[in-house]
Amino acid sequence: MVISASPVPFAEPVFVTRPIVPPMEEFVRELESVWRSGWFANGGAQHRTLEDALRNTLGARHLSLFNNGTIALTVACRALRLSGEVITTPFTFPATPHVLSWNNITPVFADIDPVTMTIDPTRIGELVTERTTGILGVHVYGMACDVDGIQKIAEEYGLRVLYDGAHSFGTEVDGRPVAQFGDATMFSFHATKLFHSAEGGALAVSDPLLKNRIDLLKNFGIKNENEVVMPGINGKMNEIQAALGLVVLRHVDAEREARGRLAKVYDERLGSLEGVSVFSLPGHVRSSMQYYVIRVDEKVAPVGRDRLYEKLREFNVFSRRYFHPLCSSLNCYRSHPSASPQNLPVANRIAGEVLALPFFGALGVEGANRVSDMIHHIFQNP
Ligand code: T4K
């Protein structure tokens, strides 16, 4: 399609995402019950209701709410007694390796699969040493890791499996929710996530004893008024967050459907552009619809990813290059032997190709078409 005239820039900045903003009255109604109770933290009624609701929605056997996803992941490492080295992906948000560092664990980076962009199980075995205690996989954008491949390697070497599912609210593999794989899965409920509570997170586990340990660890290790049984931290979600979560949860299905309509527009409009590939998930994975990401191959496309990112800003479109810079290239990790670019050729290449486009229901089909027009225009006028 030839876009002759230059598209009109958006009047207001269009970001990569916009949180679900429920009607204020719905939130006020929830807040009224918090006010009446005089109970603001430490597992009140809102917390209990949201924990139950999310356990069902996410298909988890057990679920524990947290004040954010990063603390949830930090607690998961403790609860699973991870130590020494943990094999993970460099293609993630910095929180993932940082959590290992905060637990005095060395992140060891394995390369990613060129199609799914998640950790490549065939690259894990060669990185296992006598210090390795676990694998930390990340379900990126809405896609799931190769959960069977990872489980097989974990069993072969006796490793624990932890998943960073910050992006995977509602992701399923062969009809099974991601919460059911591995020893524990973290979810993030940050404002930028499909489901959110402004800030927040959760850990899903299948083992009731592990759930018990997690709940102690997130509350200072306090068992009762007389016993503090382990050095815990404060990872508790408060009642205001939980109240917002309960309201937002009612709007998640509609938001997911709206994003599905945008994905269709982008797939149709951008899939045929030279040098662009749209991220189509394999048939056995249901996406969480967290991000819509294209890949730009600068050897083929008339503009590279970074130029496209810059040019879109001229149209008031603020796309994001998740996950650039690659975690293995950060000063705090680059000196580790596993972080060398020669060991991570796929991740290094893909970190230079990916671009997350505006992807939120309020953008509307018309908005997605306008963004697509802009991209076509930039390709024709590089
Ligand atoms: N693991 C993975 C794989 C993750 O992606 C994340 C978080 C974590 C772990 C840690 O989970 P949490 O501890 O956060 O629960 C954002 C989020 O802050 C971060 O939570 C998220 N991943 C990451 C992928 O995205 P930034 O630095 O891109 O945020 P920021 O402020 O630039 O926001 C992005 C865009 O969203 C803005 O351009 C505008 C829009 N926005 C943002 C906020 C906060 C809104 O429209 N409203 C808002 O309230 O990290």
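**Entry 1: a word before I start**

I call a residue buried when its relative accessible area is under 20%, exposed when that value is over 50%, and partly exposed in between. I also note that this is a predicted model. With that cut-off in hand I looked up Arg-269, which has a relative accessible area of 13% and is therefore buried.

**Entry 2: salt bridges**

I stayed with Arg-269 and asked: which residue does Arg-269 form a salt bridge with? The partner is Asp-373, and the closest N and O atoms are 2.7 Å apart. Arg-269 sits in helix α8 (residues 252–270) and Asp-373 in helix α11 (residues 364–380), so the pair ties together parts that are 104 residues apart in sequence. Asp-373 counts as partly exposed, at 23% relative accessibility.

Then I checked how many salt bridges the structure holds, and the count is 19. As a reminder to myself: side chains of opposite charge can pair when their charged atoms come close.

I wrote down another pair, Arg-305 and Asp-306, whose side chains meet in a salt bridge at 2.7 Å, N to O. Arg-305 is buried at 2% relative accessibility, while Asp-306 is partly exposed at 38%.

Next I looked at Glu-353, which forms a salt bridge with Arg-349, with 3.6 Å between the closest N and O atoms. Glu-353 is buried, with a relative accessible area of 10%, and Arg-349 is partly exposed, with 40%.

I also found a network of salt bridges that links Glu-26, Glu-30 and Arg-250.

**Entry 3: a parallel pair of strands**

I moved on to strands β3 (residues 85–88) and β4 (residues 106–109). They run parallel and are joined by 4 bridges. Within this pair, Val-86 of the chain stands opposite Pro-107 in β4. I followed the chain from β3 to β4 and passed through helix α4 (residues 95–102); this β-α-β crossover is right-handed.

In what order do the strands β11, β13 and β15 form their open sheet? I read the order as β11-β13-β15, with antiparallel pairing. β11 (276–278) and β15 (354–357) stand at the edges with a single partner strand each, so one side of each is left without a neighbour in the sheet. Neighbouring strands here are turned by 30° against each other on average, direction ignored.

I zoomed in on β13 (residues 292–296) and β15, which pair in the antiparallel sense over 4 bridges. Ile-294 has Leu-355 in β15 as its bridge partner.

I found another open sheet of 3 strands, in the order β8-β7-β12, and its pairing is antiparallel too. Its edges are β8 (176–177) and β12 (285–286); each has a single partner strand, so one side of each lacks a neighbour in the sheet. Strand β7 (residues 172–173) is joined to β8 by 2 bridges, and I noted Val-173 standing opposite Arg-176 in β8.

I looked for cis peptide bonds. The bond from Tyr-322 to Phe-323 is cis, with omega near 5°, and the bond from His-324 to Pro-325 is cis as well, with omega near -5°. Phe-323 lies in the loop between β14 (317–318) and α10 (345–351), and Pro-325 has its place in the loop between β14 and α10.

Arg-81 is not a glycine, but its phi is near 55°. Arg-81 is in the loop between α3 (69–79) and β3. Is Arg-81 buried or exposed? Its relative accessible area is 59%, so I put Arg-81 down as exposed.

Met-117 has a positive phi of about 65° although it is not a glycine. I located Met-117 in the loop between β4 and β5 (132–138). Met-117 counts as buried because its relative accessibility is 0%.

**Entry 4: surface and loops**

On the surface I found a nonpolar patch formed by Phe-220, Ile-222 and Val-228, with about 260 Å² of accessible area together. I placed Ile-222 in the loop between α6 (208–217) and α7 (239–249), and it is partly exposed at 34% relative accessible area.

Last, I checked Asn-343, found in the loop between β14 and α10. Asn-343 is partly exposed, with a relative accessible area of 33%. How far apart are the C-alpha atoms of Asn-343 and Lys-223? They are separated by 45 Å, and the two residues are 120 residues apart along the chain.

Methods. Residues numbered from 1 in each chain as written. Predicted model: local features only at pLDDT ≥ 70, side-chain atom pairs only at ≥ 80, totals over all residues. Heavy atoms only, no water. Pairing = 2+ DSSP bridges. Right-handed = clockwise from strand over helix to strand, strands pointing away. Patch = residues over 30% accessible without salt bridge, like charges linked within 9 Å, V, L, I, M, F, W, Y side chains within 5 Å. Areas by Shrake-Rupley, 256 points an atom, 1.4 Å probe, with all protein chains shown as cover. Salt bridge = Lys/Arg side-chain N within 4 Å of Asp/Glu carboxyl O. Buried < 20%, exposed > 50% of the residue type's maximum accessible area, 1.4 Å probe, protein only. Axes fitted to C-alpha atoms, helices over the stretch in contact; angles between N-to-C directions.
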